[in-house]
Amino acid sequence: MEKRLKTKIFRICLAIVGIVGIIFAIGMIILRYQVEGEENLPFNISKITIISTAEGIDQEGEHRWNFKLNQNNDIYIYIEKNQDYNKIEVIDSIILDNFQINKKHELGEKNIYRPKNTGTSMLKNKEEYKTSNVEYKGDLETDIRNLKISNQGGIIVFRYANDNIGIYTSDTDEEIQHNQLLKKSNISLEDIQAQISFDITIKLNSGKCFKANVNLSTPSGNIVEEGSSNIEITNLENIIFKRIEN
């Protein structure tokens, strides 16, 4: 009787250890997924380019030169097909939303702009293009102005602008170079630095859906001294996609 009881207790202990082991293994898998995300996505972000500039918007006034100052950051995200993914997938849409902008100084107005479909310039700081989210629909070819991306990968673009960061007036300048306006206005790099974060969601025609958070520093360089700058980011290990549907 005592031997049977010990055997029973031993089996119960083994079962408990087994259950604990299974729970631990599942927990490690979940933790690893939270840290590393999807290992084999149908589409990847191959690089992000940030082009930072300053511009002066001509205003009416009593001075010879009268400019409202904006600092623009045009962000290009390159989406490419994963050649190691062995199933056929088609992009239905790519959505950028949940924009969060953290600035050291509350100088100016923080705005997100989508591309415009008319005129010579693709991005313009106007009320009609201001948005809180940007959606590109999958199509046969990429057409940035009309918010379309090739369903097998392409480029999506938006602008983060720090609008109305100052006014520059002058009656003595013979000509104005817009890339020198920040320096002329005594605006420092620290005044315009910001951390921008947003979610990017890739939706596929199959119903699969993947989301990641992106964090970027702006401007891309010391545009106060250089006038304009750009950076190409290819180390994207901190962008972790997780499946949110199917």
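**Exercise 1. Follow Asp74 through the fold.**

Start with its side chain: Asp74 and Arg159 are joined there by a polar contact of 2.6 Å (a pair of N or O atoms within 3.5 Å; within protein, one must be able to donate a hydrogen and the other to accept it, and residues adjacent in sequence count only if both atoms are side-chain atoms). Before going on, note that this is a predicted model, where local features need pLDDT of at least 70, side-chain atom pairs count only at pLDDT 80 or more, and totals for chains, interfaces and linings use all residues. Residues are numbered from 1 along each chain as its sequence is written, and side-chain values use heavy atoms, with hydrogens and water left out.

Is Asp74 buried or exposed? Asp74 counts as buried because its relative accessibility is 10% (buried is under 20% relative accessible area, exposed over 50%, partly exposed in between, with a 1.4 Å probe and protein chains only).

Finally, list its contacts (heavy atoms within 4.5 Å). Leaving aside neighbours within four places in sequence, Asp74 meets Thr49, Ile50, Ile51, Leu123, Phe158 and Arg159.

**Exercise 2. Find the partners of strand β5.**

Take β3 (residues 91-103) first: it pairs with β5 (residues 134-139) in the antiparallel sense over 4 bridges (pairing needs at least two DSSP bridges between two strands). Here Ile95 has Glu135 of β5 as its bridge partner.

Then turn to β6 (residues 148-150), which pairs with β5 in the parallel sense over 3 bridges. Lys148 in β6 stands opposite Lys137.

Definitions and conventions: Helix = DSSP H or I, 4+ residues; strand = E, 2+ residues; numbered from the N terminus.
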